[in-house]
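User: I would like to go through this model term by term. Please set each value against its definition.

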2 protein chains.
Amino acid sequence: MNKTIELLENHRSVRKFKDVALTDNQIKTIVEAAQMASTSSFIQAYTIIGITDKEKKKELAALAGGQEYVAESGHLFLFCADLYRHAQIGKIKDADVLPSIESTEKFMVGVIDASLAAQNAAIAAESMGLGICYIGGIRNNLPEVNKLIDAPDYVVPLFGLTVGVPDQETATKPRMPFEMIYHENKYEKDPAQLEDKLNKYDQGISAYYHERTKGARSDQWSEQMAKMLERKSRLYMKDYIEEKKLNRH
Amino acid sequence: MNKTIELLENHRSVRKFKDVALTDNQIKTIVEAAQMASTSSFIQAYTIIGITDKEKKKELAALAGGQEYVAESGHLFLFCADLYRHAQIGKIKDADVLPSIESTEKFMVGVIDASLAAQNAAIAAESMGLGICYIGGIRNNLPEVNKLIDAPDYVVPLFGLTVGVPDQETATKPRMPFEMIYHENKYEKDPAQLEDKLNKYDQGISAYYHERTKGARSDQWSEQMAKMLERKSRLYMKDYIEEKKLNRH
């Protein structure tokens, strides 16, 4: 196994950081690595906002659900799907680009582009010995996040990426077995087989929590998922994204 | 600069492969690296379909716009946003999960999760000396792609990833300048400044094509984008994804 694969396999989220800010050089290296990810038809439909303003960082930490480590990391990046530049190009070139830009297809392109770039950023940071955590919590309240960064139409913040010098030891978390995530030639959907696989995975996850918490927790994955999905959270999303003129038709 | 960052910075898409199939071991390593990417609240809302059936591969290559290298690569992965397992968990646990699963928020989670995993897969493959190309072309005709892999409701194929032993030398493509993609604390949207930056980037891209094609091409990025976005492609997407019971409300 080569060093890069070893790095990928050793990913764990870090939620406690030393009080050390990233250098400009580190930020530039991370962003430039992000930019080299593949992008659909060279569209580059995303923007990265770096938050250095301490007040803004604190507000974002509060908006993301009061997660202190968001404010106390070495750097906070916000990844946005972005077709604003392309809308401006339409004006400059007098080209009818809005029907395309406002489509679900192009919204997906923005989300995919931003995510591929973010994962490159995460890996670049980890390869430098830094820790990372994705912050989906900013989607709790996108209108407020948007106001903080003053993003125009055609731009939607998707998630944060908090990066810094790790101040905790964490362990990797066991993913679904290979055969659950990877199917050959066709989608394996048989409900009885799936239930069987879920049961086995649940036992493994339960044992993992039991061991890590010395018996205090023994949740199963299915149980966690059922509880989380019963909460009807962020149901404002569809309307909000349409308001920002994406995912409209 | 460490080896991993060097790898990230040297990414280029490969569209011609030697006739060498990936080994089971390579496939397993790539998928397991993909799985270790971050996933929103541990939801793991994606599935990877590996296409080994030669007829299916050819059909997918045709559906993706007649790109031969899709059929002739060492392996073709399809990345799908997937909340089918979670819908089944809802049935098993008698939990009311569908309002959540069918939301735009959870569709975004599926797209982000699949993309983070895919980028890990791409990097793992490149670190093994393999070449990769993302195949967004499968979105030309998702109903047909879906039929080929027999995917149920709550599953949407997003893109392919074709991987193999490279049989061409390609060059990296110059991304937008750092200051266009990375903004500090707030989104820089001033149209005049943006136009100025676009002009400079256009000159750079134009020179890049001119040099690489010995004068045959000299397109600017803005021009490329305007032309591409004037084509109203894949506008069936919103209805189709709603049919698959995602991105509904």
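User: Which residues does B:Ser40 touch, not counting residues up to four places away in sequence?

Analyst: B:Ser40 touches A:Arg139, B:Val109 and B:Asp113. Contact means heavy atoms within 4.5 Å. A word on the source: this is a predicted model, where local features need pLDDT of at least 70, side-chain atom pairs count only at pLDDT 80 or more, and totals for chains, interfaces and linings use all residues. Residues are numbered from 1 along each chain as its sequence is written, chains are lettered from A and ligands numbered from 1 in the order in which they are written, and side-chain values use heavy atoms, with hydrogens and water left out.

User: Where is B:Ser40 found, and how far is B:Ser40 from B:Val109 in space?

Analyst: B:Ser40 is in the loop between helix H2 (24–35) and strand E1 (46–51) of chain B. Helices (H or I, at least four residues) and strands (E, at least two) are DSSP runs, numbered from the N terminus. B:Ser40 and B:Val109 lie 69 residues apart in sequence, and their C-alpha atoms are 6.7 Å apart.

User: Why does B:Ser40 count as partly exposed?

Analyst: Buried means under 20% relative accessible area, exposed means over 50%, and partly exposed is in between (1.4 Å probe, protein chains only). B:Ser40 has 27% relative accessibility, so B:Ser40 counts as partly exposed.

User: What makes B:Thr172 buried or exposed, or partly exposed?

Analyst: The relative accessible area of B:Thr172 is 28%, so B:Thr172 is partly exposed. B:Thr172 sits in the loop between strand E4 (155–164) and helix H9 (178–181) of chain B. Leaving out residues up to four places away in sequence, B:Thr172 touches A:Met36, B:Glu9, B:Asn10, B:His11, B:Arg12 and B:Tyr208. B:Thr172 and B:His11 are 161 residues apart along the chain, with their C-alpha atoms separated by 6.4 Å.

User: Why is helix H5 of chain B described as largely enclosed?

Analyst: Seven of the nine residues of H5(B) (residues 84–92) are buried, so the helix is largely enclosed by the rest of the structure. The buried residues are B:Tyr84, B:Arg85, B:His86, B:Ala87, B:Gln88, B:Ile89 and B:Gly90. B:Ile92 also belongs to helix H5 of chain B. B:Ile92 has a relative accessible area of 37%, so B:Ile92 is partly exposed. Neighbours within four places aside, B:Ile92 is in contact with A:Glu195 and A:Leu198.

User: What is the phi of B:Asp94, and why is B:Asp94 called exposed?

Analyst: B:Asp94 has a positive phi of about 50° although it is not a glycine. Most residues other than glycine have a negative phi. B:Asp94 lies in the loop between H5 and H6 of chain B. The relative accessible area of B:Asp94 is 71%, so B:Asp94 is exposed.

User: Why does A:Arg231 count as exposed?

Analyst: A:Arg231 has 53% relative accessibility, so A:Arg231 counts as exposed. A:Arg231 is in the loop between H11 and helix H12 (237–243) of chain A.

User: Why does the radius of gyration of chain A agree with a compact globule?

Analyst: The radius is taken over C-alpha atoms, and the globule rule is 2.2 Å times the number of residues to the power 0.38. With 249 residues, a compact globule would come near 18 Å; chain A has 20 Å, which agrees. The C-alpha trace of chain A spans about 60 × 50 × 40 Å along its principal axes. Buried residues make up 57% of the 249 residues in chain A.

User: How is chain A divided into domains?

Analyst: Chain A has domain 1 (3–168) and domain 2 (178–218). These bounds come from an automatic or database domain assignment. The C-alpha centres of domain 1 and domain 2 of chain A lie 31 Å apart.
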